[in-house]
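The sequence and coordinates come first.

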Amino acid sequence: MERVLAEEIRDFDTSLDRLWARQDLIVLATGTLLCLRSLYRRAQRIGALGRFRYAVLRAEDYVLGTAEEEIRRSVRAAAALPGARVIVLYLSCLDILTRPDFADMEQRLSAETGCIVRCFFRGPLAKADGITHETAEDILAALPPAVGAVTARAPLPPPMSDVAGAADFLHADGAATVLVTPSGCRNALARMDLLPAHTDVYALIPKAEDYIFGMEDTAAEEVGALAAKGQHREIRVLTSPVPAFMAMAAEPVLAAAEAYDCHAEACPMDGFRDAYAGAAGVERAMAEEAASMWREQGRTVLLLGYSPLLCGDAAQLTQACADLAASGYVLTGLRDTGGAQPALIWLLSAAGIPAATWLHEHCGIPIVRALPLGSVGWAAWRAELSACGVMPAPRAHRGEMPPVCTVTAAHRILIVADPIAASAVRRLLTSHGCSSPVCAAYAWSEETAALYRAAGTEGLHIVCTAEELRPLWEAADIVIADPALCSAMGDKVLLPLPSGLFSGRDAAGAGSGVLGANFAARLEEFFGNLDSSKILN
């Protein structure tokens, strides 16, 4: 078992970096979000985003055998980029497991596209399959001299994966998260999506034969050894793409931990879904478990849909906690409800919708969706609480931004954020004279799109590709969004609202979040300096 800790990329002399040193070469990555996210980060750090593309694959593509056709389609799209002369397919573990016809892809796609197409085998499965593969140096040495350079805009950043979202949500004192994965899958967590303070994440160290005979024995042995140390009262096991594809049985792994009186649960993940889907799944399961232990009515407000990476700094909730406490209520999470059923649910993001919906349907707990952003937000929040029987005392709230000038009211504003956050921002802007701000949310999959639709944000545009977002982006004079989107969508007058979904832990520091001090300061700075038309970073 190996502890996974937050780290920065320091070594820029890997095979991948050497491939990107050639300016007319595009690296096309295949596989799951866990793979794609780490590669995107490396391309970003060395200035190669325009020469990076990824194939959007689903778990069912590998199960049904349609992954190869999607990869071929992605090669054709990459070959059409201006300046592209070489496409290197950066294969994933699942590609090596499922064995599409690599030689045929190279031959046919090279002839069809006019680009040189080569497959690059990498990772632990490439080393374990017993076949000699070309190194990056071999591939580069066999290519003709470079001509020109790729001139293309970056792709949209792959969002945080379900594994990373679940790991962030599950963090708790005395609990450990164990990731069952090949070694490469840890990189996205370590380099982007793991907060430095979260030192309770561990990764399995598979043996070569585990990819043939299954990972159950190794996983049980290592999880049991971790539980035997007596440092954790709870262990959550997260599976990643390879063990999910191999249908790893969780029972012997959980039994190994429980033999040492350590509570253990399996949280099935496949790495293809995004962080919203991952966090939503584990929170829904925890809600059902918690509800089974409620025996009385309590004076608590249950916060759902919150994790540091998805929502930002917990300090943004301080004033709301104080207002609830003044009315005799405590803001709590699912782990802290005890035996008492909460009086109501406060939904902070779309990730909490499945748990909130289940608790509302089965326990009759009312749901509050308003966020106290600005004076109009506080009024809406108090009104929803009051309708549910919770009466926070009215008070004066500081930090309101100045009225919007008339020129601002004529500007077209696009908000790209979680639907609940976007609704709060739109309410605030509208109350200050901005006419009809447009709200959009980025969904990696239909599962996440369904979460967004269930948020009930009126007029929400759910976009799944850069092509779907681009008309909204280009029509806007001002964009409120994560700055990470600008590399793909182009520069705009931007009011930055970073999100862990794209920017990982870079978006989750002190003052972060839609209710945080950073965004409040940006609002005042933005509307006070609109005429400068600067991008605010």
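How many residues does the largest nonpolar core have, and which of them have the most contacts inside it?

## Nonpolar cores

The model is predicted. Its largest nonpolar core has 143 residues, and within that core Trp346 and Leu359 have the most contacts. Helix 15, spanning residues 275-291, gives the most to this core, contributing nine residues.

The surroundings of Trp346 can be listed, leaving out residues up to four places away in sequence. Trp346 touches Val301, Leu302, Leu303 and Leu304, together with Leu317, Ala320 and Leu331. The list for Trp346 also includes Val368, Ala370, Leu371, Pro372 and Trp381.

Helix 10 covers residues 186-193 and is mostly covered, with seven of its eight residues buried. Those buried residues are Arg186, Ala188, Leu189, Ala190, Arg191, Met192 and Asp193.

Helix 2 (residues 33-45) packs against helix 10, their axes coming within 8 Å and crossing at roughly 45 degrees. An angle counts as roughly parallel under 35 degrees and as roughly perpendicular from 65 to 115; helix 2 and helix 10 are therefore oblique to each other. The crossing of helix 2 past helix 10 is left-handed. On the helix 2 side, the contact uses Leu34, Arg37, Ser38, Arg41 and Arg42. These meet Asn187, Ala188, Leu189, Arg191, Met192 and Asp193 of helix 10. Sorted by class, the contact of helix 2 with helix 10 has five charged, four nonpolar and two polar residues.

## Helix 19 against helix 21

Helix 19 passes helix 21 in a crossing that is right-handed. Helix 19 makes the contact through Gly374, Val376, Gly377 and Ala380, and helix 21 through Arg427, Leu428 and Ser431. Three of the residues in the contact of helix 19 with helix 21 are nonpolar, three are polar and one is charged.

Terms used: Residues are numbered from 1 along each chain as its sequence is written. This is a predicted model: local features need pLDDT of at least 70, side-chain atom pairs count only at pLDDT 80 or more; totals for chains, interfaces and linings use all residues. Side-chain values use heavy atoms; hydrogens and water are left out. A crossing is left-handed if the near helix is turned anticlockwise from the far one by less than a right angle, and right-handed if clockwise. Helices (H or I, at least four residues) and strands (E, at least two) are DSSP runs, numbered from the N terminus. Contact means heavy atoms within 4.5 Å. Ala, Val, Leu, Ile, Met, Phe, Trp, Tyr, Cys and Pro count as nonpolar, Asp, Glu, Lys and Arg as charged, and the others, Gly among them, as polar. Buried means under 20% relative accessible area, exposed over 50%, partly exposed in between (1.4 Å probe, protein chains only). A nonpolar core is a set of buried Ala, Val, Leu, Ile, Met, Phe, Trp, Tyr and Cys residues joined through side-chain atoms within 4.5 Å. Axes are lines fitted to C-alpha atoms, for helices over the stretch in contact, and angles run from 0 to 180 degrees between N-to-C directions. Angles under 35 degrees count as roughly parallel, over 145 as roughly antiparallel, 65 to 115 as roughly perpendicular and the rest as oblique.
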